[in-house]
Structure formats: structure tokens, C-alpha cells
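Subject: Structure handover

Dear colleague,

I am passing on the structure below, and the notes that follow it describe what was found. Please read them with the structure open beside you.

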Amino acid sequence: SFNEGDLLTELVSNNFDNVTYDNGMLMSIENFTTPSDWSKFISIYVNDEMSMVGLSDIKFEDGTKISFIITEFDPNEWN
């Protein structure tokens, strides 16, 4: 649950363990930590679509679905 004006970053930090951010990027949550080589990272999805902004910029309201997806970096897909 949340109240109007709550920040998504604070809600995540208050409801999950091992939450860390670096320059606004979610680097760890629960038992996952982004490795230093970024071979895997946390993608943020809003209503089943990859977010183009970070958690602090996501506008949410009741019913918004936020997902954290562990994503494997494939350099062939990013070229």
C-alpha cells in the first residue's frame, strides 16, 4: 500500500531487503546484486513494458504494476 506523495524508491526500500541504488539505478534487491561486469542487471517494467526512466521518475497510481526482471546482458542485442 502507499499514500499520495510516496516515492517509489522509498516504497521499494521499505518493502524489500538488500535494496541499494547507485546514481538512481537499482543495483540490488533481495538476493540479487548486479555484478560489476553488468552481465546481469535489473530491468524495471511498468505495466509489462520496459521502463525508459528510473524508479524515481516513474509515475504510479493505484493499480500500476511494477516488475523487476533480472536481465542477462547480450551484447549482440544491444548493437
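The side chains of D48 and K65 meet in a salt bridge, with 2.8 Å from N to O, the term meaning a side-chain nitrogen of Lys or Arg within 4 Å of a carboxyl oxygen of Asp or Glu. Because D48 lies in the loop between β4 and β5 and K65 in the loop between β5 and β6, the pair ties together parts that are 17 residues apart in sequence. A search of the whole structure finds one salt bridge. D48 counts as exposed at 53% relative accessibility, whereas K65 is partly exposed at 40% (buried is under 20% relative accessible area, exposed over 50%, partly exposed in between, with a 1.4 Å probe and protein chains only).

Please keep in mind that this is a predicted model, in which local features need pLDDT of at least 70 and side-chain atom pairs count only at pLDDT 80 or more, while totals for chains, interfaces and linings use all residues. Residues are numbered from 1 along each chain as its sequence is written, and side-chain values use heavy atoms, with hydrogens and water left out.

As for the strands (DSSP runs of E, at least two residues, numbered from the N terminus), three of them form an open antiparallel sheet in the order β5-β4-β6, where pairing requires at least two DSSP bridges between two strands. β5 (49-50) and β6 (66-72) stand at the edges with a single partner strand each, so one side of each is left without a neighbour in the sheet. Strand β4, residues 40-46, pairs with β5 over two bridges, and V46 has E49 in β5 as its bridge partner.

Also in strand β5 is M50, which counts as partly exposed at 36% relative accessibility.

How values were computed:
Helices (H or I, at least four residues) and strands (E, at least two) are DSSP runs, numbered from the N terminus.
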